[in-house]
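Visitor: Could you take me through this model? I would like to ask things as I go.
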Amino acid sequence: MNAAEKPLPASIRPIRAADLEEFRACLDRVARERVHIAFTAAPKVQQAQFFLGNMLKRALPFVVAECPIDGIVGWCDIYVETEDELRPGYSHVGRLGMGLDVKFRGLGLGSAMLRVALDLARSTRIERVELQVYASNEPAIALYRKFGFETEGVRRRARKLDGRYDDVVMMARLRPPQQD
Ligand SMILES: CC(C)(COP(=O)(O)OP(=O)(O)OC[C@H]1O[C@@H](n2cnc3c(N)ncnc32)[C@H](O)[C@@H]1OP(=O)(O)O)[C@@H](O)C(=O)NCCC(=O)NCCS
């Protein structure tokens with residue numbers, strides 16, 4: 001039985017306001033690994049609350065993976081910048097972020113969260129989903145490719161952390177034309 005056939009160890013559902021603390025704690029655990037995401041700790045409670053409130057108010061795609069024992073063990077969100085009247089023209093662009101606790105990786109949850117988040121995006125104005133991923137993050141790049149994201153460019157040695165450089169790969173997925 002491969003990962004795709006096994007039952008998932010967590011269920012995927014839209015985030016709720018009451019999930020703030022558990023979501024933030026999960027983000028903090030992934031951030032403190034100092035490897036896969038740009039954060040090295042979760043933002044302050046107020047900032048996380050503002051972000052979550054804004055996502056909920058605007059009905060932007062935001063799902064979590066919830067395990068019966070460990071609670072929230074992963075998230076996937078697609079954020080859209082608030083329309084800026086001085087720089088209009090970007091409200092069809094979403095920026096994807098996601099992560100899972102280490103022991104829940106490689107089990108199909110990332111695929112499941114991304115599938116649901118992209119499905120939710122279909123009922124929004126989002127046409128282009130973009131993201132940045134470290135070149136060293138092979139599992140994440142493989143996941144994004146599987147879902148049709150394409151590499152648009154590479155920012156070489158864009159991060160220097162703990163004495164290590166990493167390239168940042170810019171990827172994007174345009175809404176398939178049949179969905180327009
Ligand atoms: C990236 C991440 C979200 C992927 O989620 P996941 O649940 O581990 O991925 P899945 O089990 O759904 O696997 C998806 C695909 O990724 C690839 N993949 C998974 N684990 C892999 C590994 N260890 N090495 C190489 N490719 C791997 C496979 O192509 C797989 O597809 P397949 O099973 O159909 O072959 C997860 O590993 C994670 O949270 N990593 C740390 C945080 C992070 O990197 N966030 C993204 C920042 S841009």
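Visitor: Of the contacts between residues at least 6 apart in sequence, what share joins residues at least 24 apart?
Guide: In the protein chain that share is 64%. Two residues are in contact if their C-beta atoms, placed from the backbone, lie within 7 Å.
Visitor: What kind of model is it, and how are residues numbered?
Guide: This is a predicted model, in which local features need pLDDT of at least 70, side-chain atom pairs count only at pLDDT 80 or more, and totals for chains, interfaces and linings use all residues. Residues are numbered from 1 along each chain as its sequence is written.
Visitor: How many helices and strands are there?
Guide: The protein chain has 4 helices and 7 strands. These are DSSP runs numbered from the N terminus: helices are H or I with at least four residues, strands are E with at least two. Their order from the N terminus is β-α-α-β-β-β-α-β-α-β-β.
Visitor: Now helix 3. Which of its residues are buried?
Guide: They are L109, G110, M113, L114, A117, L118 and A121. A residue is buried if 20 or more other C-beta atoms lie within 10 Å of its own, exposed if 12 or fewer, and partly exposed in between, with C-beta atoms placed from the backbone.
Visitor: What do they pack against?
Guide: Their partners are strand 1 (11-14), strand 2 (62-67), strand 3 (71-79), strand 4, strand 5 and helix 4.
Visitor: Which residues come nearest to the ligand?
Guide: Of the 24 residues around the ligand, those are H36, G110, S111, P139 and A142. A residue is near a molecule if its C-beta atom, placed from the backbone, lies within 6 Å of it.
Visitor: Which element gives the largest share of that shell?
Guide: Helix 4 does, with 6 residues.
Visitor: Where is D162, and is it buried or exposed?
Guide: D162 sits in the loop between strand 6 (150-161) and strand 7 (164-174). With 8 other C-beta atoms within 10 Å, D162 is exposed.
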